[in-house]
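Work through these exercises with the model open beside you. Try each task before you read its solution.

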6 protein chains.
Amino acid sequence: MARGLDLLTFGEAMLRLSTKGFARFEQASSLDLHVGGSELNTAVTCRRLGLKAGFVTRLPATSLGRLVENKAREHGVDTSSIVWSEDGRVGTYYLELGASPRSSRVIYDRAHSAISRIEPEEIDWPSLLNGVRCFHTSGITPALSPAAAVEVSSAVRAARAAGCLISFDLNYRRRLWSQEEACELLTPLMEDVDLLLTTEEDAERVFGIRGESYESVAMELVERFGLRAAAITLRENTSIWRNRWTGIAYDGARLYSGPEYDLELVDRVGGGDAFTGGFLYGYLAKDDVQRALDLAIAASALAQTNPGDLNWTTLEEVEGLLQHGGKRIDR
Amino acid sequence: MARGLDLLTFGEAMLRLSTKGFARFEQASSLDLHVGGSELNTAVTCRRLGLKAGFVTRLPATSLGRLVENKAREHGVDTSSIVWSEDGRVGTYYLELGASPRSSRVIYDRAHSAISRIEPEEIDWPSLLNGVRCFHTSGITPALSPAAAVEVSSAVRAARAAGCLISFDLNYRRRLWSQEEACELLTPLMEDVDLLLTTEEDAERVFGIRGESYESVAMELVERFGLRAAAITLRENTSIWRNRWTGIAYDGARLYSGPEYDLELVDRVGGGDAFTGGFLYGYLAKDDVQRALDLAIAASALAQTNPGDLNWTTLEEVEGLLQHGGKRIDR
Amino acid sequence: MARGLDLLTFGEAMLRLSTKGFARFEQASSLDLHVGGSELNTAVTCRRLGLKAGFVTRLPATSLGRLVENKAREHGVDTSSIVWSEDGRVGTYYLELGASPRSSRVIYDRAHSAISRIEPEEIDWPSLLNGVRCFHTSGITPALSPAAAVEVSSAVRAARAAGCLISFDLNYRRRLWSQEEACELLTPLMEDVDLLLTTEEDAERVFGIRGESYESVAMELVERFGLRAAAITLRENTSIWRNRWTGIAYDGARLYSGPEYDLELVDRVGGGDAFTGGFLYGYLAKDDVQRALDLAIAASALAQTNPGDLNWTTLEEVEGLLQHGGKRIDR
Amino acid sequence: MARGLDLLTFGEAMLRLSTKGFARFEQASSLDLHVGGSELNTAVTCRRLGLKAGFVTRLPATSLGRLVENKAREHGVDTSSIVWSEDGRVGTYYLELGASPRSSRVIYDRAHSAISRIEPEEIDWPSLLNGVRCFHTSGITPALSPAAAVEVSSAVRAARAAGCLISFDLNYRRRLWSQEEACELLTPLMEDVDLLLTTEEDAERVFGIRGESYESVAMELVERFGLRAAAITLRENTSIWRNRWTGIAYDGARLYSGPEYDLELVDRVGGGDAFTGGFLYGYLAKDDVQRALDLAIAASALAQTNPGDLNWTTLEEVEGLLQHGGKRIDR
Amino acid sequence: MARGLDLLTFGEAMLRLSTKGFARFEQASSLDLHVGGSELNTAVTCRRLGLKAGFVTRLPATSLGRLVENKAREHGVDTSSIVWSEDGRVGTYYLELGASPRSSRVIYDRAHSAISRIEPEEIDWPSLLNGVRCFHTSGITPALSPAAAVEVSSAVRAARAAGCLISFDLNYRRRLWSQEEACELLTPLMEDVDLLLTTEEDAERVFGIRGESYESVAMELVERFGLRAAAITLRENTSIWRNRWTGIAYDGARLYSGPEYDLELVDRVGGGDAFTGGFLYGYLAKDDVQRALDLAIAASALAQTNPGDLNWTTLEEVEGLLQHGGKRIDR
Amino acid sequence: MARGLDLLTFGEAMLRLSTKGFARFEQASSLDLHVGGSELNTAVTCRRLGLKAGFVTRLPATSLGRLVENKAREHGVDTSSIVWSEDGRVGTYYLELGASPRSSRVIYDRAHSAISRIEPEEIDWPSLLNGVRCFHTSGITPALSPAAAVEVSSAVRAARAAGCLISFDLNYRRRLWSQEEACELLTPLMEDVDLLLTTEEDAERVFGIRGESYESVAMELVERFGLRAAAITLRENTSIWRNRWTGIAYDGARLYSGPEYDLELVDRVGGGDAFTGGFLYGYLAKDDVQRALDLAIAASALAQTNPGDLNWTTLEEVEGLLQHGGKRIDR
């Protein structure tokens, strides 16, 4: 079913319940409901920019599980390979948006989700990845449970065998596992990874790479793991509502830098995933690291200006931003 | 801390996430957040009518746990004995309000809650129940987990030792356990119960009591278990938005019936719990089964006309309804 | 300024703060804001049906006072004679919509309003009423304060002198004055009244008229006070959300009855005022008591199906209802 | 692209802007946005029940056009054959929900939509319908414009050639064309139609068929046009919020009747389209007219209890209603 | 009817449908409804500051048309000369508010509006403008359709004949016509214009005036077209949510500059129209270009801090800002 | 009942009705409802940080009065000493949040509130304050009415007699009384005050203290009135949505300064009260002026980032801010 896809991503998609109008959790009498999850977000960005993208996960066969699928389908993401289960729940997280000097806060309620209980026979990776150009997942997925970690290994092995490009976002989450656990499990995985997308902070937390500069971190990653390319997002927190945002990349041959944007943040969650989606689009569709980086930065800058984890931009808007910037009313 | 309370209830309080405007779950982009739980609801009704009422549960020490406590405190319910844990989650349920011929639907997401992981030493029941007039819990609590079932037994034993009146609502929930499990666990508990509140349907599902009439079910319950009194709520589902509502009671000596109301349902969840709260108020404060039944029916009729599980009526309103009914604007 | 008006009404317009979704007052975290007041509501109905209508009141010169004026102007009601004051507040009332068996409830917070502090010289009634066809007020206005009662007397005297038709709605409000006070003050006023609009209940409470039938009450009113006509609204409270609604009239010569409607009530507040507005429109524009009564009933039936006190129907809709009834989608 | 579809429908999908809380249009400060359109609604019902369904239309290549596509994709409807245009707008309609005795009202703002400007070469019907089991459209589509009428003829011709079952819903809309125009254009089309779904009222308005009973209308339709089957929905308007709902069918051999439901209407728009969707599902998947009729009635009864034109039920719910009815909370 | 007005403006008023909370169009499930239009906005500002202002347009005689009139009346704007039509629609536009680096976007859906189909005989300009001090329209109106362009010419001719001051805002809209069309049509119109309000950008796009400074543009405009005065708004886009805002004016004799404000933008749409309204108020009521400019800048600065196109400030607030600035809570 | 409290505060708690989304008052169709009042806000902050805190006021025995009590109880504030009255209303204020250059505005509607009509015998201060560590009120309370001023004197006298620490916030409100009245009444009160919390501006307006620096004002206050300590909040209004915030303190021996924060203001109302609450917590629980000042600044900085007057922070968050600042998402 997934044949012919440019990209297949694998991970958990969650219900996100966020307070309104900067209310604290304890003040909530109503919560906004969004759907998100790093690998889903990445698939959505790629699909919106123009690739055929699919998303695999395991969801309980309930209205809430279907709600998650619907939101992926709404963007045209292929969901035909989702595994539907009788057990487990939909992972959930609560989000409270901050305002300086109060940080935004996340409360995870994702334990015991259907995907964390995935069983070895449920996904036939070799057949699923047959004909897929690129497979992507992130460090969150193996952190969900031992079963999920096994599944990631199987998927990566199958992707390698199927000749897919393999993309990985470190995405270290301290509430899911320790730095040591992450390092131990992710290091061998790196052997098969082609593209690594991360932050300087995560590179240090997971692999202990502490470069003198962002550039040296990217270079170290590429060299240590034999990557085709590494890209790093750079966020400067001017305040909770204002950030500066850019990224760099290294492909073993040269360093790339892209535009830097001042963001008026509406919802920064999913910014990194949109960066990855933009990068993969550029890498797969344009085969050009500089274009990939530029598109990654612009797409993810725009993605942080709409509510929700998912990215609602179009290729036309991303190109427009790269060419003109954008502060006027377009009418 | 709980000394001097008229009533102490024990059970799980949950976050309730309900869709708006009769939307289906899959349509939701925002969910109303309420707090509810059978034993909390009962404590709130008693407190609003005038008793000193407390509620014991186990909650994680997070903003979401505090949110639950806040909602109990808002009504003046004593929460000083709540056990705060590092582990477990806040039980959650999703509610979709129906319209004929579509039933309202509940999706439980309450597994692994903090209370289901309660440990034997965490609540000092003898000291907690010292000086409390009445202890109440329901069939939901022991169904949560083996640990919770053990805790219910400990609580009931301690209540008996402390000379408390013991009140119990059968509240059979098929998604939590089988009828056989319920029967096996609840039958011995009945030995210590003084007041039993339930529906005809639950009496049959749990104890296999199938009377020729509501009255015979109440009589059978009192006689089989040596109760001081049993009360049964009667709901006739004219449609999803319109019900007829009343109840009966039997105290071993005589049968009592009360007023019957046509309900325009705003939110029927918690109706039975409000009935119990009204009954306990009448029984404890007025020492009169007929008054208890009348107050139970009227308080719970009113409770089904406001959004949320909790009851927001006052004694004055309940008395007013019993005396005048109410269809005019009061201005 | 008001010259050329068909109708000028005088009274208090208030802010109305109502809970949402059948929430109780204590549950509110947000309140809907409407503007209403018996005499304003009547002016709005007349204006929407096609007459030139004006409204006089006294409001504080604040944003809240302007808000009230804006809502009258929105419907095209002439507000050029409103008296703007430095003192006093905008009268306010809180509304909680009920559901059977819970009555809707009003909490008045209207004391000390600007109009209750009106001073004798502030309105030049003779010049204001010059050229106006009909003057209308209700029993609420003199009940606001002694100063307001004096003002009503001045207005009625001036209206008589100017040759206006004088219309009055009894509108007894027990929270504003006693039945004895109302009777004492309103009885002499009746001498100048031409049209009286009321309910059977108010006729009894204010004037002690207890007829054997609605018809006999109307006849008694016309005869006792030498009215040109009296009209009475009849509401049968099937439930809080469903009422039956009609009215009758008597003009000294014959009794009139009109259509009866089943109402699915969205907001019954202002129903009587819309009836009066419809009646005055029919009486002034069609000079026909039967037409006046029919229009009154239909306009006020429709007025109870939209949120807020004000009436948003059109003459076309009212005529349509009188001719066809209306249960289909009009598309 | 559409190959392998069970059903392909063709028509206009619109933005629907509806007032909230029974507000009149003039009261609106916010409007709910839904997407709907008879043929889209039918495709969605079929897809939700389990068929592979696609929808063809013409939309402008704007965010609003994409919004329409997204809502179809959200349900899994194939949208890959939508024609994207530079000209035209998205058809729009405004909806005001009524309450007795005030009818719900629709204001169409659909003129000049992209689909009304469709050009002959834009859809390659033969290739699109190749391998499709059933083609469906309704009387609204040819009424949109002469160009749309031409397109319907082309589609039906191609469907016949491709061996598709051809389904048609009369759906007469008086604001789009006269009864005479409808009759003239639709009569020849009937030659190719296999299944006709309609109301008694539309059968009379378009074809002048005035049977003595619903049954005789269905029989007359089947016989006059040589249909495989005709089905008629029956709605009794008890009030605006309460209807009785059922349907009948005739297949040339025998008459079928199904269950009748009392509806508490949340949103009756799209009820007929869901009936058609349910009927087609039953006809195509079960090959049984009685099953088709039962599923049609139950699915469309449920569809009228959620907000919006689209149907959000599942096959499991529809079957559950047919077996048990539904007035309890399912928990 | 319009006699005695200080200002009469002519143009299109539209429904504006905007997304909430910075949502993208594709995310919308509800849209805020506002009413706006350049010439209406200007009339509202003038009326709120204290002038008698009227607005002429052509609207369909539907609830949506009345909604537009209501919103003008709410502010006290005279609407008695609006032309009500059976044909045409209410022009509509969709607005998506941005956040850096994402621009705000407008989707126009205004084609085929009632005003674009205006016919020569429908407005009797000579009688309408008799006694009016100032007539104002903008470059949007003639761009709507050839019929509207003809009407603008008629209006300006009649205004000249009636001795009105004639005010014009260039308001170039690229989606309505080309720069060449605008130049060709507007150049002859300039002969009769007394006051021109615009931006540097529009002056260049329409008339090709490219000054070395804002001042030289204003001077060039006055001199080329023999204006009494020209005023130019200056906006510096620090970000989407923060702008710097001021303006300049030239009256043939001297150059005027005013205060500059940092704006925290809530809704910048209508800023220029409020500037014009403030300028006209100052020019007509104070007869002083410096005062006019100061009031224009302050009124329009405030107007950009409330939701919607319309201006809700008062003269007192505008004067207060000019005197004190304003960052504290006023309590 | 209040025995064992660390803190008892006395003052008025009001309903606050605020517009949404930066709407002006005249635009409101819905208002957010919060509860606030300087002394209540202070009690809430202390309670949330960990002290036992109570609040005394006088409220009418209505749903609105109960709503106020509920909101205090929700945070665990002891309300058992509230005086319930048959007369008076709940004080109310309307709030419109601004955006540069438009100031936020408050309209008070608090006259005639229940507390302003308090009578001498209603609160038994000696018994109430027995065992309380600290009594706090502010300059608003005596300004409410002569009766309230008398009550403040009684309370302070009783507090002195009971050996309570006495804390006072100047809180000058120009709409309640003149600077002269405030000075005359508050000066003698200062004799009994131990801790004074205020702004530089209020110190000047009430006591005419105009220091060369904030520090000199604090020193002058301590010395003139023999205080144990004075603390002053410092707010720099960068814009309406951005402020810089810090404070200083003086205890007769040395000057203290604390951290300074950039605030992205969500709701600045109650900022000063939270500062007081934080200061009292530190002073009472830590007995350390530097800690008190740090906690005051951090707690009040956080308090200005959530909607409503009340403070929803926790001690953990306050400590976290003092240690780490906070701009990242905490997940």
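**Exercise 1. Find which residues of H8(D) are buried, and decide how they are arranged around the helix.**

Solution. Start with the rule: a residue is buried if 20 or more other C-beta atoms lie within 10 Å of its own, exposed if 12 or fewer, and partly exposed in between, with C-beta atoms placed from the backbone. By this rule the buried residues of H8(D) are Tyr214(D), Val217(D), Ala218(D), Leu221(D) and Val222(D).

Next, look down the helix axis. The buried residues fall within an arc of 130°, so they line one face of H8(D). The arc is taken from the directions that run from the helix axis to the C-beta atoms. Recall that an α-helix has 3.6 residues a turn, so residues three or four places apart point the same way.

Now check the length. H8(D) covers residues 214-225, 12 residues in total, and reaches 17 Å from its first C-alpha to its last, close to the 16 Å expected at 1.5 Å a residue. The expected span is 1.5 Å times one less than the number of residues.

Last, find the partners. The buried residues of H8(D) pack against strand E11 (195-199), helix H7 (200-207), strand E12 (229-236) and strand E13 (242-250) of chain D. After the helix comes Gly226(D), with a positive phi near 60°.

A note on the model: it is predicted, so local features need pLDDT of at least 70 and side-chain atom pairs count only at pLDDT 80 or more, while totals for chains, interfaces and linings use all residues. Residues are numbered from 1 along each chain as its sequence is written, and chains are lettered from A and ligands numbered from 1 in the order in which they are written.

**Exercise 2. Which strands pair with E2(D), and in what sense?**

Solution. Helices (H or I, at least four residues) and strands (E, at least two) are DSSP runs, numbered from the N terminus. Two strands pair if DSSP finds at least two bridges between them.

Take E3(D) (residues 30-36) first. It runs antiparallel to E2(D), and 5 bridges join the two. Here Leu15(D) has Val35(D) as its bridge partner.

Then take E7(D) (residues 92-96). It pairs with E2(D) in the parallel sense over 4 bridges. On this side the bridge partner of Leu15(D) is Thr92(D).

Finally, ask about burial. In E2(D), 5 of the 5 residues are buried, so the strand is largely enclosed by the rest of the structure. Met14(D), Arg16(D) and Ser18(D) point one way, while Leu15(D) and Leu17(D) point the other way.

**Exercise 3. How many residues of chain B are in contact with chain C, and which element gives the largest share?**

Solution. Count contacts first: two residues are in contact if their C-beta atoms, placed from the backbone, lie within 7 Å. On this count 20 residues of chain B are in contact with 21 residues of chain C. The largest share of chain B's side, 4 residues, comes from E15(B).

Sort that side by class. It has 9 nonpolar, 5 polar and 6 charged residues. Ala, Val, Leu, Ile, Met, Phe, Trp, Tyr, Cys and Pro count as nonpolar, Asp, Glu, Lys and Arg as charged, and the others, Gly among them, as polar.
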